[in-house]
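Open the model in your viewer and keep the sequence panel beside it. The tour below goes one selection at a time.

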Amino acid sequence: MLSRLQELRKEEETLLRVKAALHDQLTRLRVEELALQSMIRAGEEAGAAPAAAGGTHETLGQMDNEAAINQTELHLSLQDHEEEEEEEEEESDS
């Protein structure tokens, strides 16, 4: 019973870490969305010159890369937590 309670507490801690990581990711995505909306408005106000469109495309590509990096970091973080849990379970089983 005590080990089950400890296991549930560890799971809760892991879920709270995942929740925090997802919240951070959501915040980053919202900031990126606002930045993109701002860029779109600025482009519309400036008459969307062809040269500006090229710069916007490059910036969008950078944001896509940043989002991919953030997603990879989140994925790796979750993998680390899963591996730690598995190791802890193996230790508690033996």
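Predicted model: local features only at pLDDT ≥ 70, side-chain atom pairs only at ≥ 80, totals over all residues.

**Stop 1**

Leu22 is found in helix 1. Leu22 and Leu74 are 52 residues apart in sequence, yet 8.0 Å apart in space, C-alpha to C-alpha.

**Stop 2: the whole chain**

Zoom out and colour by secondary structure. How many helices and how many strands does the protein chain have? The protein chain comes to 2 helices and 0 strands. Next, show the surface. The protein chain exposes about 7700 Å², and carbon and sulfur atoms supply 55% of that area. Of the 94 residues in the protein chain, 11% are buried.

**Stop 3: helix 1 from end to end**

Select residues 2–45, which make up helix 1. Draw a distance between the C-alpha atoms at its two ends: they are 64 Å apart. This agrees with expectation, because 44 residues at 1.5 Å a residue should span 64 Å. Which residues of helix 1 are buried? They are Thr14, Val18, Ala21, Gln25 and Glu32. Colour these five apart from the rest of the helix. Then step just past helix 1 to Gly47, which takes a positive phi of about 90 degrees.

**Stop 4: two salt bridges**

The structure holds 2 salt bridges. For one of them, select Arg4 and Glu7, whose side chains meet at 3.0 Å, N to O. Arg4 and Glu7 are separated by about one helical turn, because they are 3 residues apart in helix 1. Arg4 is partly exposed, with a relative accessible area of 43%. Glu7 is also partly exposed, at 31%.

For another, select Glu13 and Arg17. Their side chains meet in a salt bridge at 3.7 Å, N to O. Glu13 and Arg17 are 4 residues apart in helix 1, so about one helical turn separates them. Glu13 counts as partly exposed at 43% relative accessibility, and Arg17 counts as partly exposed at 38%.

**Stop 5: two further pairs**

Select Arg28, found in helix 1. Arg28 has 34% relative accessibility and so counts as partly exposed. Arg28 and Asn70 are 8.9 Å apart in space and 42 residues apart in sequence.

Now move to Leu78, which lies in helix 2. Leu78 is partly exposed, with a relative accessible area of 24%. What distance separates the C-alpha atoms of Leu78 and Leu15? They are separated by 9.8 Å, although the two residues are 63 residues apart along the chain.

**Stop 6: the negative patch**

Select Glu11, Asp80, Glu82, Glu83, Glu84, Glu86, Glu87, Glu89, Glu90 and Glu91. These residues gather in a patch of negative charge on the surface. Which element supplies the largest share of the negative patch? Helix 2, residues 50–93, supplies that share with 9 residues.

End on one member of the patch, Glu86. Glu86 is in helix 2. Is Glu86 buried or partly exposed? Glu86 is partly exposed, with a relative accessible area of 48%. A patch takes in residues with over 30% relative accessible area, so Glu86 at 48% clears that cut-off.

How values were computed: Residues numbered from 1 in each chain as written. Heavy atoms only, no water. Patch = residues over 30% accessible without salt bridge, like charges linked within 9 Å, V, L, I, M, F, W, Y side chains within 5 Å. Areas by Shrake-Rupley, 256 points an atom, 1.4 Å probe, with all protein chains shown as cover. Salt bridge = Lys/Arg side-chain N within 4 Å of Asp/Glu carboxyl O. Lys, Arg positive; Asp, Glu negative; His and termini not counted. Charge placed at Lys NZ, Arg CZ, Asp CG, Glu CD. Buried < 20%, exposed > 50% of the residue type's maximum accessible area, 1.4 Å probe, protein only. Expected span 1.5 Å × (residues − 1).
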